[in-house]
Amino acid sequence: MDHKIEPLYDGPLFRNAIQTLDESAKIINCDPNVLERLKRPRRCITVSVPVRMDDYSVKVFTGYRVQYSPTLGPYKGGIRYHQNVDLQEVVGLAALMTFKNSVLGLPLGGAKGGITVDPTKLSRTEKQNLTRRYASEIGPFVGPTKDIPAPDVGTDPQTMAWFMDTYSQEQGGFAQPGVVTGKPVEIGGSLGRNHATGLGVVYVAEKAFEVCKMSMKGATIAIQGFGNVGSFAAKFAHDRGARIVAVSDVSGGIYNGDGLDIPEVLEYIKAHKFLKGYPKASPISNEELLEVKCDALFPCALENQIDTHNAEKIQAKIIVEGANGPITNAATKILSKRGVFIAPDVIANGGGVIVSYFEWVQDTMALFWDEDEVNAKLKVLITKAFDKGYTMAQEKNVDMRSAAMAVSVQRLEKAMLLRGLYPR
């Protein structure tokens with residue numbers, strides 16, 4: 001069924017998501033009424049965020065919170081600070097969170113938030129002022145049983161601590177740790193949350209290697225993006241005996257065909273902040289890294305990195321999407337025809353939201369788990385989601401992205417029909 005997207009929401013990320021949704025709905029013969037509802041966010045909040053800067057001037061930033069679907073539970077999704085944030089991007093990311101939480105089997109709806117700002121140009125005080133005012137502006141719409149934000153690009157545990165404190169003060173002054181996840185452990189954060197997305201990528205990569213009848217031990221892997229997700233994915237894959245031949249960040253990439261010493265690279269990053277200048281590797285660009293000959297490629301940077309212009313040049317046999325939407329729909333089709341196995345983002349980068357869910361549960365119970373327990377529970381949920389997607393892919397003879405979305409939509413459809421939202 002063709003669907004004209006509202007111009008207000010019509011960005012590349014959302015267009016990709018809706019196209020995949022349409023294709024996946026056909027696989028499971030989804031009720032057209034349910035499908036129509038899934039193509040629009042429930043609520044889009046746009047707020048002005050005035051901030052007193054260090055020079056005493058006042059700058060007004062634009063903030064967003066898109067609450068896409070609450071069918072399965074409270075809204076859940078990150079908050080990003082980036083200069084390219086706009087409503088179209090946030091709607092697309094909120095849609096992806098809805099489908100991700102569904103396929104992962106979590107009792108959560110989908111949301112996303114953001115502020116149009118370059119956080120690297122803010123002082124710590126300015127970033128705190130920005131966060132507190134944004135928290136105050138969207139405060140009426142969030143809460144432990146309504147909408148639970150988390151960190152994303154440009155935000156971190158400290159950002160969540162400021163957000164939680166502002167919300168708590170405005171709700172009467174007592175601590176409400178369940179309003180956000182990704183907090184520092186000292187104020188209700190979960191052990192294992194910081195590395196959860198990267199570890200989840202590696203758990204999914206292990207399953208991908210398994211179904212492709214390959215072994216991660218000794219395999220060559222290239223990783224685009226060396227932030228929280230990419231660096232931990234590199235560390236955990238390296239620990240499992242993989243050879244990480246290339247990594248990259250905003251300063252560019254580094255390549256060593258014999259394999260990089262990842263612990264040493266991590267130490268270099270601590271000392272120099274960027275990969276550029278690392279002495280035991282050859283410099284390459286982020287674009288060149290994607291085309292490196294390797295067994296597996298982990299795109300862990302931003303969306304739309306692989307499209308029709310470079311899909312034919314990808315040499316990896318397996319791609320595990322650590323970022324949100326790093327491969328366009330058209331590129332997915334090209335890669336699938338070439339026999340490249342893609343573990344889609346809605347499963348592959350689900351480790352962060354899974355452990356965020358664990359954090360929310362622990363905050364609600366006021367009972368906390370140790371790190372080994374968190375990691376073990378993460379592995380159970382993310383591999384179960386992979387298995388469901390893979391089974392659907394085999395049964396319907398479709399690629400993993402379509403299969404994962406079909407599993408997701410099937411659960412959402414069933415929930416909507418059981419709740420009586422759409423009578424048959």
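Reader: Is the crossing in which H6 passes H13 left-handed or right-handed?
Author: This is a predicted model with residues numbered from 1 along each chain as its sequence is written, where local features need pLDDT of at least 70, side-chain atom pairs count only at pLDDT 80 or more, and totals for chains, interfaces and linings use all residues. Side-chain values use heavy atoms, without hydrogens and water. A crossing is left-handed if the near helix is turned anticlockwise from the far one by less than a right angle, and right-handed if clockwise. For H6 passing H13, the crossing is right-handed.

Reader: At what angle do the axes of H6 and H13 cross?
Author: Helices are DSSP runs (H or I, at least four residues), numbered from the N terminus; axes are lines fitted to C-alpha atoms over the stretch in contact, with angles from 0 to 180 degrees between N-to-C directions. The axes of H6 (residues 196–211) and H13 (residues 371–396) come within 10 Å, and their crossing angle is roughly 45°.

Reader: Which term describes how H6 and H13 lie to each other?
Author: Angles under 35 degrees count as roughly parallel, over 145 as roughly antiparallel, 65 to 115 as roughly perpendicular and the rest as oblique. The crossing is at roughly 45°. The two helices, H6 and H13, are therefore oblique.

Reader: How many residues of the contact of H6 with H13 are charged?
Author: In contact (heavy atoms within 4.5 Å), H6 residues including Glu206 and Lys207 meet H13 residues including Lys379 and Asp387. Asp, Glu, Lys and Arg count as charged, Ala, Val, Leu, Ile, Met, Phe, Trp, Tyr, Cys and Pro as nonpolar, and the others, Gly among them, as polar. The contact has 10 nonpolar and three polar residues, and the charged ones number four.
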